[in-house]
Amino acid sequence: MNWKRATIAAACVVPLIILFGYGLTRDPKDIPSPLPGHEASPFALAVFAPGQPPLNRAPGDTVRLAELKGQVVVLNFWASWCLSCRDEHQILSETAKSYAGKPVHFLGVLYNDEPGNGTQWIEQMGGQSYPSVTDPGARTAINYGLYGVPETYFLDASGRIAYKATGPVNERLIRHVVDSLMAVAAK
Amino acid sequence: MTRLLAHDAILVSMAVVLFGIVAVPVAMRTGRRGLLPYAFAAVYTNFFLVSVAAVAMVYALVTHDFSVSYVAQVGGRATPLLFTVISLWGALEGSILFWAWVLSMYAAAVVWINSRRPGNLVPYAAATLLFVSFFFAILLVGPADPFGAVSPVPSDGPGPNPLLQNHILMAIHPPLLYLGYVGMSVPFAFAVGAMLSGEVETDDWMRITRRWTLSAWALLSAAIIAGMWWSYEVLGWGGYWAWDPVENASFLPWLTATAFLHSAMVQERRGMLRLWNLNLVVGTFLLTILGTFLTRSGIVSSVHAFTTGTIGYYFLAFIAIVMLASLALVAGNSERLRSTGRFDSAASRETVFLLNNLFLTAFMFTVLTGTLFPLVAEAIKGVKVSVGEPFFNRMSLPIVVTLLFLMGVGPALPWKAASKAELKAKLVPPAAGAGLMLVIALVAGARNVYALLAFAFAGYAAFANLREYWIGMRARRIAHGEGWGTALVRLVGGNRHRYGGYTAHLGVILVAFGIAASSTFRTEYEATIKPGETISLSGHTLRLKAMWGREEPQRSVVGATLEVMNGSMVKGTMEPRMNFYPMSQSPVPTPAVRSRFLGDLYVNLQAFRPDGSNATIRVIYEPLVPWIWFGGGVVVFGALIAIFPTGRRTDA
């Protein structure tokens, strides 16, 4: 064994491995979103999936962001063709149910998909507790700077975007964000 | 059913592979060579089992079996059959499966061809390939499992990424890339095998893998060119290279492999650079794994990055093991790798090869630094930066220009030492080629120093390499009284290595001309015009005839029909299109390209009024771009000449 050579090689390789290890803890796409802290873009979208009582809305109803002022809004963009949306579906639905009666409003927004496919998907997945709306032409998605599905936007009681989650959400995250936003609103 | 069959095939293959990895050293240490045929059988069995999994995946894709997670992710009922089949490599999990398949195929082929060779080299090389296979099998049952269950079963899927179902080159570029990339595992396995078996002094590992390395190199070259072509034909920006991390990932091992092809000759001829060559082979393999890691782990931002998960950690562990183990092996064997020859003179072919190696490696380190810099910056300063084309262009141009020059000097110089008179006779005449190209470039309007140097040195190298053919043919004509054609065929046939190399040089020079001309003399113009109106650029006039739209099962297409005008005569039509996929936010363009010897007319539809009353058209004139694709073909042809078995060897 040539120890000098081995040492030099190790001196080159080990920092590189450490660098990669560090890199894995970072997300290069995670460029701080400019949206949080800003007023959420208004929308008026038609309900296609009513949800279950007590969170339900009649199909065809128009949900306006303006009328949700004073409540925390959880806006979840999804599609029936999106695989990761399956991972978070149950969590979102259950968590929304547990907040029934609180000043929190969950809303699903169907992204680039047919309402028919959406309804069928919800049925297959065992129902959704809160209503979903259609977004013709993906206009709302564009206004929110959607990068892909699923993405979830948390709006505070004053109608500002407080937090944006890219990819499937978990229950801890939803509860943490929603609870702290409700606490701020209550003050 | 399909899902479980494939999944189990991978699981069984893991057991088989593990047996092979253990059997080889046991057979060697305990002297039970009777175990070896079983170890080799493990290699074949692994190939069979991974083939079962891969074929099952293709079957699941074709039959739209959306209960398989990978099919649910990339499949779509409206997707045409060809693109359904090739979506095998369209996303992370499938590409890992494809990789494992190619690797198992290489391993089986290597063992099939070399299993009768006595000694310990081949068994250890086979065990090394099995070790790499094992890693990919772990990925396939772990973080990149394409055979996950989806329940409830969706009725349809989103289809492959629109960019990947928009051009036939997607059926060609990725397989070539994998074949080239994975092919680099073969010389690596033999290098490791040679070190493990203590046969590293014999140079046998290099002789055995020469064709494997050359083939992998040719495939990788073809893949890089095909990738450039794909990006040119599909992305609509009129360029073919953007120094994106994934492009760099394919380029890095190409650079070290190219260096190895040259320095291997120095080892064969003069018995020098043994340790260096070992390092190059190990480095090339590490770079292929590193490139895969970079693009699959999401560690650097790239347009090509796949969706990520925990796979990065697996790759990191694998890279760490392979790096440390192979470097320890090299350090452990380095004492045995004494050079038997030495450099006699600065004016010799081996010196030029040494310089070529230095510059190629420097090139590799430059590109690697640029690719990893965003990571370093974030680690040290906590800032997000991106390293763009200007860095890479500025850093690489001096290196490229020098390499072009060396490409002209190398073939002209003899081994060992050249006399002054020889130097003069060999190095002065090609200056005519340099002068000619310099004048042409100046007249055409180039003023940038590097552009002028690139043209001049490419001219120099072209002259020098062509002159070698001419000298050889003339000698044959005089000695054997052959005609020019016969002389050429016999000259090349009698010394395939050498003239294959010169042919590859000519291909690279053509590529260099194409790149230099298209980046220096490219012109473009964009305008919004109504039907009947024209748009003109550097002597080319296009008239917008009509806008049209049509529905296809998997997409809607909007196109513009433009007539290429020559005065009032119509010379031809071009139809740039925009494709709208339901699952994609932005349209995918299909630019129209009209190729002629001296350049391409490249037309892209940028925007249009829905009523068809106007269209925004970008016209780009791209000088000599077809030379890049053609040059790539010449490079591969040169490699093929060198790969073909040599009947008899004459003096090289």
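Tutor: Glu151(A) has Thr166(A), a residue of strand S7 of chain A, as its bridge partner. This is a predicted model, in which local features need pLDDT of at least 70 and side-chain atom pairs count only at pLDDT 80 or more, whereas totals for chains, interfaces and linings use all residues. Residues are numbered from 1 along each chain as its sequence is written, and chains are lettered from A and ligands numbered from 1 in the order in which they are written.

The bridge belongs to a pairing of strand S6 (residues 151–155) of chain A with S7(A), antiparallel and made of 5 bridges. Two strands count as paired if DSSP finds at least two bridges between them. The element names come from DSSP runs numbered from the N terminus: helices are H or I runs of at least four residues, and strands are E runs of at least two. Strands of a sheet pair through backbone hydrogen bonds, either parallel or antiparallel.

S6(A) and S7(A) are part of an open sheet of 7 strands in chain A, with the order S2-S1-S5-S4-S3-S6-S7 and mixed pairing. Strand S2 (62–64) and strand S7 (161–166) of chain A are its edge strands, each pairing on one side only. From one strand to the next, the twist averages 30°. Such angles run from 0 to 180 degrees between N-to-C directions, with axes being lines fitted to C-alpha atoms, for helices over the stretch in contact.

Helices pack on this sheet. Helix H3 (residues 115–124) of chain A touches strand S1 (44–49), strand S4 (104–110) and strand S5 (132–134), and its direction makes about 50° with that of S1(A). Helix H5 (residues 171–186) of chain A also packs on the sheet, touching strand S3 (72–78), S4, S6 and S7 of chain A. The direction of H5(A) makes about 150° with that of S3(A). Contact here means that the C-beta atoms of two residues, placed from the backbone, lie within 7 Å.

Now for the chain around the sheet. Chain A has 5 helices and 7 strands, running from the N terminus as α-β-β-β-α-β-α-β-α-β-β-α. Its radius of gyration is 21 Å, while a compact globule of 187 residues would have one near 16 Å. That radius is taken over C-alpha atoms, and the globule rule is 2.2 Å times the number of residues to the power 0.38. Along the principal axes, the C-alpha atoms of chain A fill a box of roughly 80 × 40 × 30 Å.

Chain A also meets chain B: 22 residues of chain A are in contact with 32 residues of chain B. On the chain A side, the largest share, 11 residues, comes from helix H1 (residues 3–24) of chain A. By class, this side holds 14 nonpolar, 5 polar and 3 charged residues. Ala, Val, Leu, Ile, Met, Phe, Trp, Tyr, Cys and Pro are counted as nonpolar, Asp, Glu, Lys and Arg as charged, and the others, Gly among them, as polar.

In chain B, 4 strands with antiparallel pairing take the order S1-S10-S9-S8. Strand S1 (523–529) and strand S8 (592–596) of chain B stand at the edges with a single partner strand each, so one side of each has no neighbour in the sheet. The twist of this sheet averages 15° from one strand to the next. Ser595(B) stands opposite Asp600(B) in S9(B).

Helix H19 (residues 496–521) and helix H20 (residues 625–643) of chain B pack at an angle of about 170°, with their axes 7 Å apart. H19(B) and H20(B) are therefore roughly antiparallel to each other. The cut-offs are under 35 degrees for roughly parallel, over 145 for roughly antiparallel, 65 to 115 for roughly perpendicular, and oblique for the rest. The residues of the contact between H19(B) and H20(B) divide into 18 nonpolar, 10 polar and 1 charged.
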